Amino acid sequence: MSKENLLPQNDIHRRIIHLDMDAFYASVETRDHPELKNKALVVGQDPRHNGGHGVVATCNYHARKYGVHSAMPAIQAVHLVPEEELVFIRPNFEKYHRVSAQVHSFMHEITDLVESVALDEAYLDVTHNKIGQESSVQLALDLQKKIKSKLGLNSSFGVSYNKFLAKMGSEYAKPFGRTVILPDEALNFLGMQKIAKFPGIGPKTQEELHKMDVYTGGDLRQVPVFVLLKKFKKMGYIIAQHAHGIDLRPVVADSDANRKSIGMERTYEPAIYNRDEALTKMRNYCEYLEKELKKRGFHAGTVVIKVRNNNFETVTKRRKLKHPSDSCFEFFDVAKDLFDSVHGFLEDGIRLLGVTVTDFEKNNYQPIKLFE
Ligand SMILES: [Mg+2]
């Protein structure tokens with residue numbers, strides 16, 4: 001395999017929005033307490049009344065100017081911000097959940113392919129949307145406007161052809177901004193970004209990359225993929241894909257992410273008496289299951305079959321796979337084995353046949369195909 005082929009084929013045909021509420025908790029509180037507008041607002045418990053304990057849940061942009069940020073010990077905020085400007089407010093998660101649900105209801109007017117990352121952050125796949133709007137930028141602008149006018153809150157968004165770029169875009173846009181990254185602009189955009197902005201590149205990896213004279217996305221793209229792979233293993237491969245603007249992860253709808261199994265079963269009249277015929281049906285089911293799993297980026301760990309005969313006797317048999325998989329061949333191998341372990345059913349005639357896969361695992365990135 002040549003070194004150029006190490007990366008998966010890019011897909012530039014999707015339209016993904018990453019929407020992120022600006023300083024969410026703090027903005028909700030400022031909205032509800034306008035008198036705090038010009039204060040450095042920190043959402044968290046006041047350490048001065050709390051024995052010095054507590055962390056910053058989030059803070060507004062005014063507080064950020066003083067260097068306060070989320071997850072920081074709250075006592076540090078006390079040292080950083082002048083006393084007359086600093087206000088602590090206790091988080092009210094019930095309220096934030098309520099506001100988040102309102103934002104989600106706006107998103108679902110556009111598409112049900114909404115994947116929440118947090119209360120204040122979600123991906124939308126708008127390639128096909130309910131509104132029939134071709135311009136994903138217009139959709140995102142309308143959504144941002146609606147959130148502002150109906151809820152009085154600022155948000156930022158990125159639009160691009162994959163999740164990672166859309167997210168980089170919304171980060172870049174903050175606060176109350178927008179970034180649109182078209183396919184032919186992606187490498188330019190990424191080239192300008194500091195490597196610290198790339199997901200998965202923490203302080204340690206940054207240090208290693210700096211030693212290799214890699215400071216920007218542009219530098220990163222110059223590094224051969226196999227070098228990143230060798231040095232940083234799995235994460236190196238993800239970083240390499242990012243450097244080339246590739247991220248094939250699907251947007252998994254929240255409703256789908258909670259699914260516990262996917263299956264297919266059919267009843268047959270007349271009944272099936274022939275093994276090959278039964279196996280052909282099951283092979284078709286397995287192909288369907290593979291397609292459904294790939295759509296969601298899931299791997300399944302267990303295969304279950306269900307067989308019912310003319311006497312309405314029903315058996316289900318299950319087997320765990322050695323490794324979670326999304327391959328119809330692997331599902332079928334197991335299903336066939338399980339089917340052959342059911343005795344006496346073919347002779348009576350089979351009325352119902354089903355194959356289900358379960359024990360899902362989320363397949364986050366394109367697996368490395370090097371060693372197959
Ligand atoms: Mg946010």
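Some ground rules. Residues are numbered from 1 along each chain, as its sequence is written. Because the model is predicted, local features need pLDDT of at least 70 and side-chain atom pairs count only at pLDDT 80 or more, while totals for chains, interfaces and linings use all residues.

Let's start with the aspartates. UniProt, in an unreviewed entry, lists Asp20 and Asp120 under "binding site"; such annotations may be inferred rather than shown by experiment, and the positions are in the numbering used here, with feature names shortened. The two are spread over 101 residues of sequence, yet they cluster in space, with a largest C-alpha distance of 5.7 Å.

Where do we find aspartate 20? It's in strand 1, residues 16-21. Strands here are DSSP runs of E with at least two residues, helices are runs of H or I with at least four, and both are numbered from the N terminus. Aspartate 120 is in the loop between strand 5 (114-118) and strand 6 (121-125).

Buried or exposed, then, for aspartate 20? Buried, because it has 22 other C-beta atoms within 10 Å. The cut-offs: 20 or more other C-beta atoms within 10 Å means buried, 12 or fewer means exposed, in between is partly exposed, and C-beta atoms are placed from the backbone. Aspartate 120 is buried too, with 22 other C-beta atoms within 10 Å.

Leaving aside neighbours within four places in sequence, aspartate 20 is in contact (C-beta atoms, placed from the backbone, within 7 Å) with Asp120, Glu121, Ser155, Ser156 and Ser170. On the same terms, aspartate 120 touches Asp20, Met21, Phe24 and Ser100.

Now to strand 10, residues 298-309. Nine of its twelve residues are buried, so it's largely enclosed by the rest of the structure. Strand 10 pairs (DSSP finds at least two bridges) with strand 12, residues 350-362, in the antiparallel sense over eleven bridges. There, alanine 300 stands opposite phenylalanine 360. Strand 10 also pairs antiparallel with strand 11, residues 314-325, over eight bridges, and lysine 306 has threonine 316 as its bridge partner in strand 11.

Last, the helices. Helix 12 (residues 275-296) and helix 13 (residues 328-340) have axes that come within 9 Å and cross at roughly 145°. Axes are lines fitted to C-alpha atoms, for helices over the stretch in contact, and angles run from 0 to 180 degrees between N-to-C directions. Residues making the contact include Met282 of helix 12 and Phe332 of helix 13.

Key: Two residues are in contact if their C-beta atoms, placed from the backbone, lie within 7 Å.
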